[in-house]
Amino acid sequence: MNGQMMQQPLLISSLIVHAERHHADREVVSRRVEGDIHRTTYQQVAARSRQVAQALGTLGVKPGDRVATLAWNGYRHMELYFGVSGSGAVLHTVNPRLHPDQIVYIADHAEDQVLFFDMSFLPLIQAVAGRTKTVRHWVAMTDRAHMPAADVAAKIPNLLCYEDLIGAQDGRYTWPSFDENTASSLCYTSGTTGNPKGVLYSHRSTVLHTMAAALPDCLGCGAADAILPVVPMFHVNSWGIVYLAPMTGAKLVLPGPGLDGKSLYELFENEGVTISAGVPTVWQGLLSHVDANGLKFSTMRKSAIGGSACPPAMIKKFKDDYGVHVIHAWGMTEMSPIGTAAAFKAQHIGHSPEQKLAVMSTQGRAIYGVDMKIVDPDGAELPWDGQATGDLLVRGPWIISSYFRNEGGNPLVQDAQGHGWFPTGDVAKVTPEGYMVITDRSKDVIKSGGEWIGSIDLENIAMAHPAVAMAACIAAHHPKWDERPLLVVVKKPGAEVTREELISFYDGKIAKWWTPDDVVFVDAIPLGATGKMQKIKLREQFKTHVLPTT
Ligand code: ADP
């Protein structure tokens, strides 16, 4: 017997329709690439998204066609989020920090038909425009007054102006209804191994993920909040925040290219931001600005940090010095991205600050919709005892079942019941209370004498030293143990610390044999397109490093 409820597909357009009807005047504030602060409302974003959908029709874009963006977090990008997906086409957000060759590769692989870009990426567009196979129109996301000069424009085939393009439409458009399993958007993984692979989200997966992300123990966002995604809209749909804000009616504040500490701080304060989200490296820039200038956050109450491990020292600093509660979260492009978030359970409420910090420093509990397990090399499930570490597998309605164009074949591992699980490539343990702790990415694990050493623990300890700005721990060759940990450190400006001091800093904090064998100081650690430390590059750089213990 079926239930007797209405059948309504879960469509991305429904989010902006809801915001227009129930939160029409709520603001969307953007720092534009033009340099100024722009203000609009959900009502206007909804109207202009409909104009985008109409304009795509005039360009010959059909349902299922891929439409690319190379853009910062801003209202025009948001209009494309709803206009493109809402019309039935697929929004392909391209990461502008990728190498131009990779951008050409993924634009060709995705068969992008139209590419919308922020003016700050004009040099990049000039480098790729003549090389892609399928892009028919290049649209500069600006008005007529800010269009490129004629000599530059002449080199970009079929260059259009965003404001002219959508300004020619009347906005009288009804969002189409279709199967909720229809593809809505496409993101490519950064391709640290091999070519980037496409992750194709559906309307259903996106709406469900957005609902789960808004829950109190995840981002916990409501209509009275103002939320600022520092995480870019070209990185896993800014963790869903551009969908979540209109769903909840929160004010949305979009920082554009201004990701430095000063620009972010200004927006946080001027716009009354209560919740934010981003990767640890960005927060480091913000915290050093706030520290150096003796500033405080007057409205910020919560910041979600993930994408790579958030050092406990950062969680503690946010809380003790600024009263900001950190939600440490974990996920990946293949998971839309959120899988776990480190919120307290009832039994933690009366705990000491140290005990609470220990909970907040884990990668967190699975949010509803995501199931997870850890397995040994034979695929047997390991206990949640806070000790056993194994490969982390996940399943759920916003987790990938196969890559775009079936690249790489079937990624899933079947269990005895025939359920497919996605192997995350992360190595983790889980506490008896269900809090997951990532100890490493499987390719970064340090294998010393047949035993594993988790590099994240070692980095977190180094990051707690007052002279350390950034730390990476990598495997260095050792004739007896195969691999031993080598700590690569960037010092804080003006700070001094020696190799010996850092090594003794580990005393009593970990098992003695985990202590790094050596420390090297560098000016900078290479960061990838999503702000993560590129350990592959570091391992290459220190391939021939001779450890003093050899
Ligand atoms: P890419 O794989 O291209 O680097 P993703 O954003 O998909 O981009 O990266 C997902 C990976 O990032 C995870 O598999 C995990 O290794 C790492 N990661 C994400 N969040 C955390 C976290 N809170 N702690 C540790 N690692 C994390």
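1. The lining of the largest cavity divides into five nonpolar, four polar and five charged residues. (Ala, Val, Leu, Ile, Met, Phe, Trp, Tyr, Cys and Pro count as nonpolar, Asp, Glu, Lys and Arg as charged, and the others, Gly among them, as polar.) The space in this cavity is about 110 Å³. There are 14 lining residues, and Arg32, Val33, Gly74, Tyr75 and Asp118 are the closest to the centre. Helix H3 supplies the largest share of the lining, three residues.

2. On the basis of the note: this is a predicted model, in which local features need pLDDT of at least 70, side-chain atom pairs count only at pLDDT 80 or more, and totals for chains, interfaces and linings use all residues. Residues are numbered from 1 along each chain as its sequence is written, and side-chain values use heavy atoms, with hydrogens and water left out. Helices (H or I, at least four residues) and strands (E, at least two) are DSSP runs, numbered from the N terminus.

3. The search of the whole structure finds two cavities of 30 Å³ or more. On a 1 Å grid over the protein atoms alone, a cavity is a set of points where a 1.4 Å probe fits but cannot get out; a pocket is an open set with protein on both sides within 12 Å along at least five of seven lines; lining residues have an atom within 4 Å of a point. Grid points are joined across faces, edges and corners, and a volume is the space filled by probe spheres set on the points.

4. The second largest cavity has a volume of about 50 Å³. Its lining consists of Tyr201, Thr206, His209, Thr210, Asn237, Gly240, Tyr243 and Ser336. Two of these residues are nonpolar, six are polar and none is charged. Helix H8 gives the most, with three residues.

5. H8 (residues 203-214) also meets helix H10 (residues 241-248): their axes come within 9 Å and cross at roughly 70 degrees. (Axes are lines fitted to C-alpha atoms, for helices over the stretch in contact, and angles run from 0 to 180 degrees between N-to-C directions.) H8 and H10 are therefore roughly perpendicular to each other. (Angles under 35 degrees count as roughly parallel, over 145 as roughly antiparallel, 65 to 115 as roughly perpendicular and the rest as oblique.) H8 contributes Thr206, Val207, Thr210, Met211, Ala213 and Ala214 to the contact, and H10 contributes Tyr243, Leu244, Met247 and Thr248. (Contact means heavy atoms within 4.5 Å.) By class, the contact has seven nonpolar, three polar and no charged residues.

6. H10 packs against H3 too. The axes of H3 and H10 come within 11 Å and cross at roughly 80 degrees. That makes H3 roughly perpendicular to H10. Met78, Tyr81 and Phe82 of H3 touch Val242, Tyr243 and Pro246 of H10. This contact has six nonpolar residues, no polar and no charged.

7. Now the sheet. Seven strands form an open sheet of mixed pairing, in the order S7-S6-S5-S3-S4-S8-S9. (Two strands pair if DSSP finds at least two bridges between them.) S7 (159-161) and S9 (198-202) stand at the edges with a single partner strand each, so one side of each is left without a neighbour in the sheet. The twist averages 25 degrees from one strand to the next.

8. S6 (residues 137-140) pairs with S7 in the parallel sense, over three bridges. Within that pair, Trp138 has Leu159 of S7 as its bridge partner. H3 (residues 75-86) packs on the sheet and touches S3 (66-70), S4 (90-93), S5 (112-117) and S8 (183-188). The direction of H3 makes about 145 degrees with that of S4.

9. The second largest pocket holds about 730 Å³ of space. Its lining has 34 residues, with Thr281, Gln284, Gly285, Met314 and Ala469 nearest the centre. Helix H12 (280-292), helix H13 (312-322) and strand S24 (468-478) each give two or more residues to that lining. H12 provides the largest share, seven residues. By class, the lining has 20 nonpolar, 10 polar and four charged residues.

10. Backbone points to check by eye. Ser336 and Pro337 are joined by a cis peptide bond, with omega about 10 degrees. Pro337 sits in the loop between S14 (325-331) and S15 (338-341). Asn406 has phi near 55 degrees, a positive value in a residue other than glycine. Asn406 lies in the loop between S18 (390-395) and S19 (413-414). Asp482 also has a positive phi, near 75 degrees, but is found in strand S25 (residues 482-491).
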